[in-house]
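Colleague: Before we go through this structure together, could you show me what we will be looking at? I would like to ask, for each term you use, what makes it apply.

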Protein chains: 2
Amino acid sequence: MRQSEMLLPTLRETPADAEIKSHQLLVRAGYIRQIASGVYSFLPIGRRVLRKVEEIVREEMEKAGAHEMLMAALQPAELWKETGRWDTFGPELMRLHDRHEREFALGATHEEVITSIVRDEVKSYKKLPLTVYQIQNKFRDEKRPRFGLLRGREFLMKDAYSFHDSFESLDGTYQRIFDAYSNIFRRCGLNFRAVIADSGAMGGKDTHEFMVLSEVGEDTIAYSDTSRYAANIEMAPVITEYTKSEAEPKDMEKVETPDQKTMQQVADYLGHTLEEGLKSIMFKVDDRFVMVVTRGDHEVNDVKLKNLYDASLIDLASEEETKEVIGAGFGSLGPVGVPEKVELIADLAVETMVNTTCGANEEGYHYKNVTPGKDFTVDKYADLRFIKEGDPSPDGEGTIKFARGIEVGHVFKLGKFYAEKMDASYLNDQGKSNTMIMGCYGIGVSRTLASIVEQYHDEDGITWPANVAPYQVHVLTLNPKKEEQAALGEELYQKLLAQGVEVLYDDRKERPGVKFADSDLIGIPLRVTIGKRAGEGIVEFKDRATKEQIELESDQVIDHVKQFLNK
Amino acid sequence: MRQSEMLLPTLRETPADAEIKSHQLLVRAGYIRQIASGVYSFLPIGRRVLRKVEEIVREEMEKAGAHEMLMAALQPAELWKETGRWDTFGPELMRLHDRHEREFALGATHEEVITSIVRDEVKSYKKLPLTVYQIQNKFRDEKRPRFGLLRGREFLMKDAYSFHDSFESLDGTYQRIFDAYSNIFRRCGLNFRAVIADSGAMGGKDTHEFMVLSEVGEDTIAYSDTSRYAANIEMAPVITEYTKSEAEPKDMEKVETPDQKTMQQVADYLGHTLEEGLKSIMFKVDDRFVMVVTRGDHEVNDVKLKNLYDASLIDLASEEETKEVIGAGFGSLGPVGVPEKVELIADLAVETMVNTTCGANEEGYHYKNVTPGKDFTVDKYADLRFIKEGDPSPDGEGTIKFARGIEVGHVFKLGKFYAEKMDASYLNDQGKSNTMIMGCYGIGVSRTLASIVEQYHDEDGITWPANVAPYQVHVLTLNPKKEEQAALGEELYQKLLAQGVEVLYDDRKERPGVKFADSDLIGIPLRVTIGKRAGEGIVEFKDRATKEQIELESDQVIDHVKQFLNK
C-alpha cells in the first residue's frame, strides 16, 4: 500500500487523555480515533490488525468445531426479561425504543438470543452438542470508559455458545475451546495465563479467564513460581497449614486503647505485630449479619465468603448498622461477646492463635490475651482470606507470586442457568424432555489488539509480532524526488508485492526524520530503507524489534525478507 | 462440514409472513431466523454466504484503491446536528441515550463520522484523494420492514466515502467504484443494471443505482431494448417529438359532465380517448401552488417537477387547498382561467394539442375544444411526465422497456454538501483553504445475498451460483447405517476436503427423501449421492441448477468436481 494514499495520520504528541501505552501508541500511530468517550473508529491500518486477530480467532474456533454465525445487535427486551437480566444487568445495558415504542437492548452479549434460537430449532439430543460463535461489535455502557480499547463502550468481541445433553459433553467442548484460546493468544504473540476465575452469579461450574500479563491490568493473578497453576486472586484457596501456638492461654484482660483507630495503631499501642492480632469485620450476607474474623495481617476475600454462604449478595455492614448491632464502631470490633443474632465465622489461621488481641465492642477498649475457644466460640472456621505472595501454591507446587493481568478471554460452564429460565429443552434418547446444558466463551478482539501493544512496544513506538502486524515490510524511500531512490523503491515495492508480501510503501514527500519516526511508531516488523546509496543498489534492512540493521544489495532483499518472515 | 453437527434447521412449510421467494427460501433452508420485525440472525450456513459476498466486495473495493476501516455504530448526536440530519432524517434514525443522558444515533450511514475524522486529520491537498470503506451492520427503523433481508432494520452494508480536491478527481474515483460495483455484482452472478438515479436533496451531481432485475423490486427501471441505457423511471427524460395537430382550433365550449369523476369517465362521456384530453393536477412546490397539465394518458413525474423548480419540497395540494385556490375539486380542474397566484406549467406534449378537453374549474363542468395558446396561456412548457414503454430511449437508441429492480448499490457524487456543513477543508497547492469534494458509495451486502436468491431458485429451493454458494459440494450418504455407504461417504468427504473443496457432508440419520429435499432446498451447486450402489463404488453426481445427473465411479469424483468448478 502506498502510504501517500492512506489515511494514516501520526502524532508527535501523546494525547492528553491517554494514560496507558496501548492507548497512546494506537492513537499516535494512526490506528484508532475516538469519536465519543469509549467509542473508537479503526483507521485503515488499525482495521488491518483487527482483521488479522479476527482471522486467527476464526481459524482456531473453526478447528475447535465451532460454526460462525451472525446475530443482530438489536435484541428485543422480551428476551432479556425472560432471564431477568433486563433488570439485573443495570445501566451497562444500552437500551432504546423503536418507532413503535418497542424496547430493545443493544447486544452486550448474546446468551438470550442464541438460547431463543436454539430452543426453537433444536428439539432432539441427536442435534446436540452444538457450538456456534460470532465476531461482532458489542455495546456496554461502562460507567468509566478508559484505557482506550481496553475498556470501551463499543468493542469487537468474539462470543461463542455451546449446547449439550450432558455435563461430560460440555466438559469436552470446554476443553476444546480452552485449547483454541491458548492457540489464539499464543499466535498473537501474547504472554498470558489461563487463570481459574469466579463463576459469579451464573451458577456455573468451571470458569477460566485468559489474562495477558501486564502492569496496566485491572486484575491480580496469583500464580505458582514453579507450576502452571494460576488463578484470579479471588479464587485461589489458601492451603497453608498453620501451626498451633504452644503458649499457655492467659486470662483475658480488657485494656484502654484511646484514639487507636487502625489495626496498625492498636498493634503498636499494645506492643505486638499485625499478625499477632485479630481483625474483625461485619458483613451483610443476604441481609443476615456476619462477623468475619481473620489474622490482623490477612484480608477477607468476599468471594470466598459469598461461596461459603452460597449467597447472592455480600456487602460490608455500614458503621451505623454495626453500632446498632454490636454497640461499637469499626475500630473496636471483636468476636468476644457478640450478640446471638450475629453469626461469627473465622479464617482457619485464627484457630491456631493463642493470647491474641481484639476489639472489645466498646469504643476505646480492646482485649488482650484472647484465645479462641476459650474466650469466644466461632460458628465456623473456613478459608476466608485472600492468598498472599509467599503462600504455598494451591496445587502443592511452589509458592505464590502475584502479577497483574488484562482479561482478554473467558470460558464459562453456564450449566442450566439460561436454558432453565428460557425453557430450552430437548428430548433425550428415551423421549424424555431435559433441560439443555450450556457453555459460553468470549474473546475481546479489540482488547486483545490493545494488549498486544501493551506487551510489544518500546520507547519509539509499537513492535508488532509478525502474525498480527498490519504489514510485514515497511519500504521507505528517504528522498523520492531523487530518481534513483524513487525507481529502486518502486521496484522493490512491486517485487515484494509480487511475492505475496504485505508491504507499506512510504512514498511520501516528507523529510527522512519524519519517515523514520513514523515508521518506528507504526511498528512494522521489518524495514527496508532506500537512501543515499540507492545509486549503488545498496539498501538498509532493519529489524524493528531488535533494532539490528544491516546494509544489503537490493537484489538480496527478497531473500532476506523471506528468511526473516520464516524464522 | 458434517451436517449432523450444524445448526441447519430446514422447514417444509413456507413461513406465513414471508411474501417473496428469497425470504421464504432463506428461512426454510436454514440461512436466517428473525428475532424481531426486520431484524435477522444469520445461521452458520447463511453466515458463510454473507462472508463470500463480503469477500467479493472487499477484493473489488481494494482493487479500486479503497482502504478498509471500521467506524463505530454509536454516533454522537452532535455530529448529526452539524449537518442538520438529526432533524431531517426522521424516525428512520434510531436514537438512544447513554447513562449520562448524552444522545446518540445508531449508524444508519456514516457521512458525518467519516467527515469529522477526515476534517481533523487531512489538512493538505497532498493527502487527497482518499477513499475508505467499511463493512458493518447499519440500523434504519423502517416504517414497514418486509421482504426478509430486502428491507430490514439492521442489515449488513458496505459503505465507502471519497474525498477530493477537484471534481475531476471525484469523477475518476466515481468511475473506479462504478466499475468495482459492476465486477462485484457480476461475480455474484447477478443480472443487474446500473441505472441513472435521482440525486435527491443532497445537491449532488451524478448518481447511479445498481439494480438487480426482479419482479419483487420496488423500483421501476426504464431501459433501452437495444443500448446500455437504463435509468430509474423517475430520471428518464422523454425525447419524443410530438407532431402538432393540424386540426383547425374550434371555439371553446363549456359542457355539463354530471357525476363524471375520473379522467376515463370524462373521456368516455365526452367521446374521446384518454390521450385526447388534458389532465390537470395541483401541486405545492415549496409552498407555492403550481398546476401541472399533461396529456390525459401521461403521469406527472414529480422528480422532474422538483428539479424544474430546484425545489426542496414537492407535494400534491390537498383537495381542500385546491378548492380554496381554484374553486373546484380534483375532478374538475383545468388550465382555463386559473387565478394568477397559481403558476401554470405543462408537459411538452400539451403544446401540440388542439381541440382537447379539460375541467372547467367548476364542479360538474368541463370545456370542449380547448386549444393551448388560444384558450389558456402556459407559463412554461417542460418535460414533466414519466417515460412510458414504447417511448424512444433517451440515448436515441432503441425504445424503452420497463423492468422492476432491487437496489443493491448506489454511487453518489455528493459534492460539497457535507464538507461545507461540517467545515471539512484543506489547503491547496497555493496555501489557500478550499472545501473538500466528496463521493459516497453503498452496497447492501445482506440485500445482495437476498437478491441472488431472487434470481437463483426453482420450485425445489435455492440454486446458488458457485462463487457465493455456502459450499461447493454436498455429499449425501443415503443410509449411513450401511457400512459401505458410511465408509465411502467419509472417504469422499475427506478426499474432497484435502483438495480444498468446500463440502457439506450430510451424515445425518435421516430418510433419503428428507436428505434430497433438504439438499435441493439448501441449493449447493453440486451433489454427490452415495446410495445403494456404494458397494460397487458407484455414486450419483447431480448439477443442482440444471438437475442433470449421472452415475460415476467413486474414483472419478474428484476430477469431475474440479471440472465442474472450473467450468
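Predicted model: local features only at pLDDT ≥ 70, side-chain atom pairs only at ≥ 80, totals over all residues.

Colleague: Why are H1(B) and H11(B) called roughly perpendicular to each other?

Modeller: Two packed helices are described by the angle between their axes and the distance between the axes. Helix H1 (residues 21-28) and helix H11 (residues 445-455), both of chain B, pack at an angle of about 100 degrees, and their axes are 8 Å apart. Angles of 65 to 115 degrees count as roughly perpendicular, and H1(B) and H11(B) are therefore described in that way.

Colleague: Which residues make the contact of H1(B) with H11(B), and how do they divide into nonpolar, polar and charged?

Modeller: From H1(B) come B:Lys21, B:Ser22, B:Leu25 and B:Leu26, while H11(B) contributes B:Leu449, B:Ala450, B:Val453 and B:Glu454. These residues divide into five nonpolar, one polar and two charged.

Colleague: Why is B:His366 called buried, and where is B:His366 found?

Modeller: B:His366 is found in strand S19 of chain B, which covers residues 365-370. Its relative accessible area is 6%, and buried means under 20%, so B:His366 counts as buried. Leaving out residues up to four places away in sequence, B:His366 touches a list of residues that includes B:Glu253, B:Val266, B:Gly331 and B:Cys358.

Colleague: What makes the pair of B:His366 and B:Thr257 a polar contact?

Modeller: The side chains of B:His366 and B:Thr257 are joined at 2.8 Å, and a polar contact calls for a pair of N or O atoms within 3.5 Å, one able to donate a hydrogen and the other to accept it. The pair is accordingly listed as a polar contact.

Colleague: Why does A:Leu348 count as partly exposed?

Modeller: Its relative accessibility is 32%, and partly exposed covers what lies between the 20% limit for buried and the 50% limit for exposed, so A:Leu348 counts as partly exposed. A:Leu348 has its place in the loop between strand S17 (343-347) and strand S18 (356-359) of chain A. Apart from neighbours within four places in sequence, A:Leu348 is in contact with A:Tyr242, A:Tyr381, A:Ala382 and A:Asp383.

Colleague: Why does A:Ala18 count as buried, and how far apart are A:Ala18 and A:Gly148 in space?

Modeller: At 6% relative accessibility, A:Ala18 is under the 20% limit, so A:Ala18 counts as buried. A:Ala18 sits in the segment before helix H1 (21-28) of chain A. The C-alpha atoms of A:Ala18 and A:Gly148 are 7.1 Å apart in space, although 130 residues separate them in sequence.

Colleague: Why are B:Glu101 and B:Asp287 called exposed?

Modeller: Exposed means over 50% relative accessible area. B:Glu101 has 58%, so B:Glu101 is exposed, and B:Asp287 has 67%, so B:Asp287 counts as exposed too. B:Glu101 lies in the loop between strand S5 (95-97) and strand S6 (103-106) of chain B, and B:Asp287 in the loop between strand S14 (278-285) and strand S15 (288-295) of that chain.

Colleague: What is phi of B:Glu101, and what is phi of B:Asp287?

Modeller: For B:Glu101 phi is near 65 degrees, a positive value in a residue other than glycine. For B:Asp287, likewise a residue other than glycine, phi is positive and near 75 degrees.

Colleague: Which peptide bond of chain A is cis?

Modeller: The peptide bond from A:Leu128 to A:Pro129 is cis, its omega being near -5 degrees. A:Pro129 belongs to the loop between helix H5 (111-121) and strand S7 (130-139) of chain A. In chain B, a cis peptide bond joins B:Leu128 and B:Pro129, with omega about -5 degrees.

How values were computed. Residues numbered from 1 in each chain as written. Chains lettered and ligands numbered in written order. Heavy atoms only, no water. Helix = DSSP H or I, 4+ residues; strand = E, 2+ residues; numbered from the N terminus. Buried < 20%, exposed > 50% of the residue type's maximum accessible area, 1.4 Å probe, protein only. Contact = heavy atoms within 4.5 Å. Axes fitted to C-alpha atoms, helices over the stretch in contact; angles between N-to-C directions. Parallel < 35°, antiparallel > 145°, perpendicular 65-115°, else oblique. Nonpolar A, V, L, I, M, F, W, Y, C, P; charged D, E, K, R; others polar.
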